[in-house]
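I opened my notebook to look up a few things in a structure, one at a time. Here is the model I was looking at.

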Amino acid sequence: GAADSAKEKAQEAKGAAEQKASELKGKADGAVDAAKGKAQEVKGAAEQKGAELKGKAEGAVDSAKGKAYEAKGAAEQKGAELKGKAEGAVDQAKGKVQEAKGAAEQKGSELKDKAQGAVDAAKGAAAGAVAAVSQKGQELKGK
């Protein structure tokens, strides 16, 4: 009877152990599933965040490109303005040179006329002196 009793106890113990093992396996499976689920959530959240960040980054790039275009446009406009101003200044300078040249030519011609007058006056004076000398010479000869 003792052997049978020991057998039964062993069976019970075996059954209890199997039940316990099955419970633990169930818990472990549950934990694995929970962990898998969590991993999926985290992955999904990370992908969404990644997409948001990518969107933001692309937005920032587009914004920077836009700003660069604006800056380029402004620089080109400024360049055109400065070029216009510079050309205007060159034209003005050319005009001043022409004016100065014209004034110098006019002045030159005035001076030339004055010089010519002085030459004529000197010639006249010289002729007068020659005439006076020759008249004086005639007078002296006559005496």
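Below are my entries, from overall form down to single side chains.

**Ground rules.** I am working with a predicted model, where local features need pLDDT of at least 70, side-chain atom pairs count only at pLDDT 80 or more, and totals for chains, interfaces and linings use all residues. I number residues from 1 along each chain as its sequence is written, and my side-chain values use heavy atoms, with hydrogens and water left out.

**Overall form.** I looked up the secondary structure and found 1 helix and 0 strands. Both are DSSP runs numbered from the N terminus (helices are H or I, at least four residues; strands are E, at least two). Next I checked the radius of gyration, which is 60 Å for the protein, whereas a compact globule of 143 residues would have one near 15 Å. That radius is taken over C-alpha atoms, and the globule rule is 2.2 Å times the number of residues to the power 0.38. I also noted that the C-alpha trace spans about 205 × 25 × 5 Å along its principal axes.

**Surface.** How much of the protein is buried? I found that buried residues make up 0% of the 143 residues. (Buried means under 20% relative accessible area, exposed over 50%, partly exposed in between, with a 1.4 Å probe and protein chains only.) The protein exposes about 12100 Å², and carbon and sulfur atoms supply 61% of that area.

**Charges.** I noted 28 positive and 23 negative side chains, with the centres of the two sets 11 Å apart. Lys and Arg count as positive, Asp and Glu as negative, while His and the chain ends are not counted. Each charge is placed at NZ of Lys, CZ of Arg, CG of Asp or CD of Glu.

**Salt bridges.** I found 9 in the structure; each is a side-chain nitrogen of Lys or Arg within 4 Å of a carboxyl oxygen of Asp or Glu. I looked up three of them, starting with Lys25 and Asp29, which meet at 3.9 Å, N to O. Why might they meet? They sit 4 residues apart in helix H1 (residues 2-142), so about one helical turn separates them. Lys25 is exposed at 56% relative accessibility, and Asp29 is partly exposed at 39%.

Then I looked at Lys78 and Glu81, whose closest N and O atoms are 3.9 Å apart. They are 3 residues apart in helix H1, again about one helical turn. Lys78 is partly exposed at 46%, as is Glu81 at 39%.

My last entry is Lys136 with Glu139, at 4.0 Å between the closest N and O atoms. These two are 3 residues apart in helix H1, about one helical turn, and Glu139 is partly exposed at 42%.

Key: Areas by Shrake-Rupley, 256 points an atom, 1.4 Å probe, with all protein chains shown as cover.
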